[in-house]
Amino acid sequence: MSGPENSEIRGHQNEFSQMLLNLVGNAKDALEEHKPEQPEIAIETACDGDHAIITVRDNAGGVPPEIAEKIFDPYFTTKEKGTGIGLYMTKTILEKHMRGSIAFRNGERGAEFTVTLPLDNTSEDNGVGSWP
Ligand SMILES: Nc1ncnc2c1ncn2[C@@H]1O[C@H](COP(=O)(O)OP(=O)(O)OP(=O)(O)O)[C@@H](O)[C@H]1O
Ligand SMILES: [Mg+2]
């Protein structure tokens, strides 16, 4: 994981970790299915103006183009034991609870999910967890 160290975003900590776990879990599933020689999951953070940008990227080959537009739909899954709720939940939490968004693209070597969240520029602590 790499990126600037001292930026803060405000939100519910469990929801934030749930969201990251969903993305990393999906990357892990894809790597286990496609078995590239050197499996890799990269998590990068960056700041752009007043937004934090978190990218989760793997090298498992990406999402077939014909299903790419469905991956955020509820109950859409290509896995035998999948619920298809992971990305739908992640998107819902981000948009409805965290004023954020998520975008997907197929990168050179695999799937790339980009999460954008407003940076917290208030200094008082309102008791809601922040990240990191
Ligand atoms: N990193 C990825 N690489 C390739 N395909 C992916 C990746 N992430 C998601 N997908 C595709 O998007 C679909 C939907 O993902 P989502 O997390 O919503 O559900 P799921 O992983 O199938 O089920 P669950 O999250 O309940 O285990 C997956 O079934 C898979 O086909
Ligand atoms: Mg999933």
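I started at phenylalanine 113, which is buried at 6% relative accessibility (buried means under 20% relative accessible area, exposed over 50%, partly exposed in between, with a 1.4 Å probe and protein chains only). This is a predicted model, where local features need pLDDT of at least 70, side-chain atom pairs count only at pLDDT 80 or more, and totals for chains, interfaces and linings use all residues. Residues are numbered from 1 along each chain as its sequence is written, and side-chain values use heavy atoms, without hydrogens and water.

Next I looked at the rings. Phe104 and Phe113 have centres 5.1 Å apart and planes at 45°, so I logged the pair as tilted (rings of Phe, Tyr and Trp, by its six-membered ring, pair if their centres lie within 6.5 Å; planes under 30 degrees apart are stacked, over 60 edge-to-face, the rest tilted). I found two aromatic pairs by this rule. The other one, Phe72 with Phe113, is edge-to-face, at 6.2 Å centre to centre and 80° between the planes. Phe72 sits in the loop between strand 3 (51-58) and helix 2 (86-97) and Phe113 in strand 5 (111-118), so this pair ties together parts 41 residues apart in sequence (helices, H or I, at least four residues, and strands, E, at least two, are DSSP runs numbered from the N terminus). Phe72, Phe104 and Phe113 make one aromatic cluster.

Then I turned to helix 2. Its buried residues are Leu87, Thr90, Ile93 and Leu94. Just after helix 2, I noted arginine 99 with a positive phi of about 50°.

Technical notes. Chains lettered and ligands numbered in written order.
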